[in-house]
Amino acid sequence: MLIIPVKDGENIDRALKRYKRKFDRTKTMKNLRNRKQFNKPSVTKRAQNIKAQYIQRLRTAEEQG
């Protein structure tokens, strides 16, 4: 459960923004969406490898100029 202490005189919009930011950082929605459907471990690992290759390609291209 997320607890957001609201200070005296603090704007509600500001507190709501802090709540949303904290909620996003906990990755609750991402976990829920992942649990909706079962993914085989091999499929998950393959997706991670593809993502890592893509990032590596971007970094090498950036280094080379």
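These questions and answers cover a predicted model. Local features need pLDDT of at least 70, side-chain atom pairs count only at pLDDT 80 or more, and totals for chains, interfaces and linings use all residues. Residues are numbered from 1 along each chain as its sequence is written, and side-chain values use heavy atoms, with hydrogens and water left out.

Q: Is Arg25 buried or exposed?
A: Arg25 lies in helix 1 (residues 12-26). Helices are DSSP runs of H or I, at least four residues, numbered from the N terminus. Buried means under 20% relative accessible area, exposed over 50%, partly exposed in between (1.4 Å probe, protein chains only). Arg25 has a relative accessible area of 64%, so the class is exposed.

Q: Is Glu10 buried or exposed?
A: Glu10 sits in the segment before helix 1. Its relative accessible area is 18%, so Glu10 is buried.

Q: Which side chain does the side chain of Glu10 join in a polar contact of 3.3 Å?
A: A polar contact is a pair of N or O atoms within 3.5 Å; within protein, one must be able to donate a hydrogen and the other to accept it, and residues adjacent in sequence count only if both atoms are side-chain atoms. The partner of Glu10 is Arg18.

Q: Is Tyr54 buried or partly exposed?
A: Tyr54 belongs to helix 3 (residues 41-64). Its relative accessible area is 47%, so Tyr54 is partly exposed.

Q: What distance separates the C-alpha atoms of Arg33 and Asp13?
A: Arg33 is in helix 2 (residues 28-36). Arg33 is exposed, at 56% relative accessible area. Along the chain, Arg33 and Asp13 are 20 residues apart. Their C-alpha atoms are separated by 27 Å.

Terms used:
Helix = DSSP H or I, 4+ residues; strand = E, 2+ residues; numbered from the N terminus.
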